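Good morning, colleagues. I shall present one structure today, and I ask you to keep the sequence and the model in view while I speak.

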Amino acid sequence: PYGNVMDVACGIAHQVGLNEINSDIRLNTNGTIYELEAKRIERAVMDALDAQMISTAEISSATVTVDRTNNVSTTSAVNIAIAIYARGYVLNENITIGFAS
């Protein structure tokens with residue numbers, strides 16, 4: 001179950017990320033991403049995860065963090081870290097049974 005959930009989250013992140021490819025973003029003077037741009041990207045990914053996974057009870061929660069130290073001007077890349085928090089899955093049961101007096 002965990003692998004399937006991760007695959008769904010990866011698909012959502014990829015789908016949202018495609019909207020950012022070839023777009024221009026505001027940068028700080030040192031080449032790092034501007035704070036409001038980072039928050040906008042975080043919100044877009046989080047909103048998609050919320051709508052497609054949290055609200056449908058596929059995961060418990062998630063966090064999305066855009067790396068604010070990466071020099072986007074040099075790398076042309078925005079680094080995003082996503083952590084998903086799985087729901088519990090019952091894969092085994094431990095049962096104790098006996099006679100009571």
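Asn 22 is exposed, with a relative accessible area of 79%; exposed means over 50%, buried under 20% and partly exposed in between, with a 1.4 Å probe and protein chains only. Before I go on, the conventions: this is a predicted model, in which local features need pLDDT of at least 70 and side-chain atom pairs count only at pLDDT 80 or more, while totals for chains, interfaces and linings use all residues. Residues are numbered from 1 along each chain as its sequence is written, and side-chain values use heavy atoms, with hydrogens and water left out.

Asn 22 sits in the loop between H1 and H2. Its phi is near 70°, a positive value in a residue other than glycine. Ala 57, in the loop between H2 and S1, also has a positive phi, of about 65°, although it is not a glycine. Ala 57 is partly exposed, at a relative accessible area of 39%. The elements I name are DSSP runs numbered from the N terminus: helices are H or I with at least four residues, strands are E with at least two.

Let me turn to the helix pair. How do H1 and H2 pack? Helix H1 (residues 2–18) and helix H2 (residues 35–54) meet at an angle of about 140°, and their axes are 10 Å apart. They are therefore oblique to each other; under 35 degrees would be roughly parallel, over 145 roughly antiparallel, 65 to 115 roughly perpendicular, and the rest is oblique. The residues in contact (heavy atoms within 4.5 Å) include Val 8, Ile 12 and Val 16 of H1 and Val 45, Leu 49 and Met 53 of H2. The contact residues divide into ten nonpolar, two polar and no charged.

Arg 68 is located in the loop between strand S1 (59–66) and helix H3 (72–75). Its side chain also reaches the backbone oxygen of Val 66, at 2.9 Å.

Methods. Axes fitted to C-alpha atoms, helices over the stretch in contact; angles between N-to-C directions. Nonpolar A, V, L, I, M, F, W, Y, C, P; charged D, E, K, R; others polar. Polar contact = N/O pair within 3.5 Å; in protein donor to acceptor, adjacent residues only side chain to side chain.
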